[in-house]
Amino acid sequence: MTLAPPSPALRGGLLALLAAALFGLSTPLVQRFGAGMGPFTTAALLYAGAALVAGLLRRPAAREAQLQRGDWPRLLAMAGMGAVIGPVALAWGLQRTSGSSASLMLTLEAVFTAILAWRWYGETLDRRVAAAVALLLAGGVALVFEQGLIGQVQLLGLLAVTAATVAWGVDNTLSRGVAERDPGQVVLVKAVLGSVATAIIAMLWGEPRPGGLAAAALLAVGATGYGLSLRFYLLAQRAFGAARTGSVFAFAPFIGALGAFALGDRSASWLMALGGFLMVCGVVLHLAERHEHGHEHGELEHEHAHTHDDGHHTHRHEVMPDGPHSHWHHHSPMGHAHPHVPDAHHLHRH
C-alpha cells in the first residue's frame with residue numbers, strides 16, 4: 001500500500017509554520033540581547049548571522065536555479081525594505097514597548113502580505129483562506145487588546161513595530177518573484193546587502209560598539225530567526241504562494257509571545273489564550289486546505305528546481321536525474337484536475 005503524497009497546502013503550511021516559529025522566537029531574544037544597543041547595529045548583526053548560515057546552505061546550479069541579472073532591482077528593494085527598514089524599526093520599537101506587545105503587533109505583517117499578493121500576483125483567496133486570514137487577524141487583535149487593557153502598550157514603540165510589518169509585508173511580496181531561485185543565494189545576497197548598509201549607517205550615526213557576548217548572541221539569533229527562517233519562508237512561498245505563506249506566518253507573534261513569557265514577561269491573560277486559540281484555528285484551516293478543479297495550463301518556459309513525479313514536468317532527459325534538479329525547461333499546454341495552490345504553475349484566475 002502506497003501512501004498518498006502530502007497535499008501542497010500541507011507541505012507549504014508546515015514550511016511556513018517552521019519559518020514562523022524561528023522568527024517568532026527571535027523577537028524576545030532580540031529585545032533581551034539588543035538592550036542598550038543601537039537599532040542599526042542590532043540589524044547589522046542579525047543579518048550578518050543570516051548571511052553566515054545562508055552561505056553554508058547554497059546549492060549548485062544543477063540543483064537550484066541561480067539568481068539572474070534581472071533579479072537585482074528586486075533584491076535591492078527586498079534588502080532595503082526587509083533587511084534595513086524592517087529590522088531597524090523593530091529594534092527601535094522593541095526598546096520602547098514590551099516583548100509581548102511587539103510580538104503580537106507583528107500579526108499585521110500577514111495582512112499586508114495577503115493584500116499585496118492578491119493585488120500584485122492575482123493570488124486567489126477563497127473562503128477557507130479568507131476565513132483563516134480572518135481568524136489569524138482576530139487572534140492578533142485579541143492579543144494586542146489584551147496588552148492595552150493591562151497598560152503595556154506604548155504608542156511610539158508599537159508604531160515603529162507597525163512600520164516594520166509594512167516593510168516586511170512589501171519584502172515578502174517582492175520575494176515571491178525570486179522564490180524559485182536558490183533560497184540560500186537569495187538569503188545570502190539580501191543579508192549581505194542589509195548587513196553592510198546598516199553597519200555603515202551605525203558607524204556614521206556613532207552608535208556604541210556592542211559587547212562580545214551580546215554580538216555573538218545576536219549573530220546566532222540572526223542565523224536562525226532571520227537566515228533559516230527566510231529560507232523556509234521562500235520554500236513555503238514556492239510551495240503555496242505569498243498570501244498563504246504570509247497568513248500562516250502570522251502565527252509567529254503568538255510564538256514570540258510565548259517566548260517572551262518563557263523569558264520572564266508575565267503579562268499573559270485569558271485574552272492571550274483566546275488569541276492563541278484563534279490563531280491555531282487559522283493555521284489548521286490553512287493546513288487542511290484542498291483546492292481542486294479542472295484547469296488549463298498554457299505554454300510556459302522557465303527554470304526552477306523540480307522533479308518528474310508531479311504531473312507537470314513531462315520533458316525527457318537522456319539520463320533521468322535522481323531527485324530535484326534545475327534547468328531551463330518547456331511546458332506544453334495541458335489540462336487536468338488535481339489539488340493545487342498558487343505556485344509557479346497555478347496562477348490561473350478563478
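**Cavities, rings and a lysine**

Tutor: The second largest cavity has a lining made up of Phe-23, Leu-106, Glu-109, Ala-110, Gly-246, Phe-249, Ala-250, Ala-252 and Pro-253. This is a predicted model, in which local features need pLDDT of at least 70 and side-chain atom pairs count only at pLDDT 80 or more, while totals for chains, interfaces and linings use all residues. Residues are numbered from 1 along each chain as its sequence is written, and side-chain values use heavy atoms, with hydrogens and water left out.

Student: What volume does the second largest cavity have?

Tutor: A cavity is a set of points on a 1 Å grid over the protein atoms alone where a 1.4 Å probe fits but cannot get out, and its lining residues have an atom within 4 Å of a point. Grid points are joined across faces, edges and corners, and the volume is the space filled by probe spheres set on the points. For the second largest cavity, this volume is about 40 Å³.

Student: Which helix gives the most to the lining of the largest cavity?

Tutor: Helices here are DSSP runs (H or I, at least four residues), numbered from the N terminus. The largest cavity, of about 180 Å³, is lined by 15 residues. Both α7 and α9 supply at least two residues each to this lining. With five residues, the helix that gives the most is α9.

Student: Is Lys-190 buried or exposed?

Tutor: Lys-190 belongs to helix α8 (residues 183-205) and is among the residues nearest the centre of the largest cavity. Buried means under 20% relative accessible area, exposed over 50%, and partly exposed in between (1.4 Å probe, protein chains only). Because its relative accessibility is 2%, Lys-190 counts as buried.

Student: How many aromatic pairs are there?

Tutor: Rings of Phe, Tyr and Trp (its six-membered ring) pair if their centres lie within 6.5 Å; planes under 30 degrees apart count as stacked, over 60 as edge-to-face and the rest as tilted. By this rule, the number of aromatic pairs is five.

Student: What kind of pair do Phe-23 and Tyr-226 form?

Tutor: Their ring centres are 5.5 Å apart, and the angle between the planes is 75 degrees. The pair joins helix α1 (residues 8-33) to helix α9 (residues 212-240), across 203 residues. Phe-23 and Tyr-226 form a pair that is edge-to-face.

Student: Why is the pair of Trp-168 and Tyr-226 described by another word, tilted?

Tutor: Trp-168 is buried, at 4% relative accessible area, and Tyr-226 is buried, at 6%. The ring centres of Trp-168 and Tyr-226 are 6.5 Å apart and their planes stand at 55 degrees, so the pair is tilted.

Terms used: 1 Å grid on protein atoms, 1.4 Å probe; cavity = no way out; pocket = protein on both sides within 12 Å on 5 of 7 lines; lining within 4 Å.
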